[in-house]
Amino acid sequence: MATNNATFVHLLIFGLVICGFLVSFGDFETTLPWYESLPAVAMDYKVHIEPGKEDCYFQYVNPGATFYVSFQVLRGGDGMAGFAVRHPNGQIVHPYQWRANSEYQDQTSTGGYYAVCIDNQFSRFADKLVNLYLTVVRYDQWDKYTKEIEDINMNMENFTHSIVTVERNINEMLQFQHHSRGKEARDYNLLVDNNSYVLRWSIVQIMVITLTTCTQVYFVRKLFDVKAGSSRSRI
């Protein structure tokens, strides 16, 4: 009985491990690179093809997207190479052609990984430098982005209107502060002038009073001043 229980536990653990692996593998398969979810992707490569070799490159294309690829031989040998494109269903949609440049476009793709192959097997001694250009454009996503941009423009208009209102209020505040500072400066200057006027006339009045007092004291003393030998006694 104990042996059967241990076997059942081992099988259960093994099953859980297998399930976890399958889930992880499924997530790995369904997870796409971040750039493959963008509305448009453009890639430009310069690849080196050795003599007698063929290189293939794979590009994921979203369903409904427009796929475009072109190649051009930059240098090497006779300046030509083979170029072919294979559809995700395995069909060769662009057969091999030995040319200096070529291109292929699928306006509405069913989705999947396209294979772009460059063949240099006919050149046994000369390697080739090839420029490879690929684009994936999702025009349906562009419509959504256009709607978001329109909403952003509306928000920007509202934001601009708010900024204009705030700027107008700030200008009014600055004008009010300017007038207040002008009134303050005028009152201060008036206060300084009044202070100078009062101080100046106070000093003048003090000087006049002092001079008048000194003059009065002088003449009063002159009245009581008696010269010696000038007095006479009468009988």
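1. Gly76 is in contact with Asp127 and Lys128, leaving aside its neighbours within four places in sequence; contact here means heavy atoms within 4.5 Å. Gly76 sits in the loop between S3 and S4. Helices (H or I, at least four residues) and strands (E, at least two) are DSSP runs, numbered from the N terminus. Gly76 counts as partly exposed because its relative accessibility is 22%; buried means under 20% relative accessible area, exposed over 50%, and partly exposed in between (1.4 Å probe, protein chains only).

2. The model is predicted: local features need pLDDT of at least 70, side-chain atom pairs count only at pLDDT 80 or more, and totals for chains, interfaces and linings use all residues. Residues are numbered from 1 along each chain as its sequence is written, and side-chain values use heavy atoms, with hydrogens and water left out.

3. How many salt bridges does the structure hold? There are two, a salt bridge being a side-chain nitrogen of Lys or Arg within 4 Å of a carboxyl oxygen of Asp or Glu. One of them joins the side chains of Asp78 and Lys128 at 3.4 Å, N to O. Asp78 lies in the loop between strand S3 (66-75) and strand S4 (81-86), and Lys128 in strand S8 (residues 128-137), so this pair ties together parts that are 50 residues apart in sequence. Asp78 is partly exposed, with a relative accessible area of 49%, whereas Lys128 is buried at 1%.

4. Glu50 and Lys53 also form a salt bridge through their side chains (3.3 Å, N to O). Glu50 is partly exposed, with a relative accessible area of 41%. Lys53 is partly exposed too, with 42%.

5. Asp119 deserves a look. It lies in strand S7 (residues 112-119). Asp119 is buried yet has no salt bridge, and the nearest side chain of opposite charge, Arg124, is 8.3 Å away; Lys and Arg count as positive and Asp and Glu as negative, while His and the chain ends are not counted. The side chain of Asp119 does reach the backbone nitrogen of Gln121, at 2.9 Å. Not counting residues up to four places away in sequence, Asp119 touches Lys53, Glu54, Ala81, Gly82, Tyr96 and Trp98.

6. Gln59, in strand S2 (residues 54-61), counts as buried because its relative accessibility is 8%. Residues that Gln59 touches, beyond those up to four places away in sequence, include Met43, Phe67, Tyr113, Leu134 and Val136.

7. On the surface, Tyr197, Val198, Trp201, Val204 and Val208 form a nonpolar patch with about 470 Å² of accessible area together. Patches are made of residues with over 30% relative accessible area and no salt bridge; like charges are joined within 9 Å, and nonpolar side chains (Val, Leu, Ile, Met, Phe, Trp, Tyr) within 5 Å. Val198 lies in helix H2 (residues 139-223).

8. For the chain overall, the secondary structure comes to two helices and eight strands, in the sequence pattern α-β-β-β-β-β-β-β-β-α. Of its 235 residues, 21% are buried. Among contacts with a separation of 6 or more, 76% are between residues 24 or more positions apart. The chain exposes about 18,300 Å², with 61% of it supplied by carbon and sulfur atoms; accessible areas come from the Shrake-Rupley method with a 1.4 Å probe, and for residues only the protein chains shown count as cover.

Methods
Polar contact = N/O pair within 3.5 Å; in protein donor to acceptor, adjacent residues only side chain to side chain.
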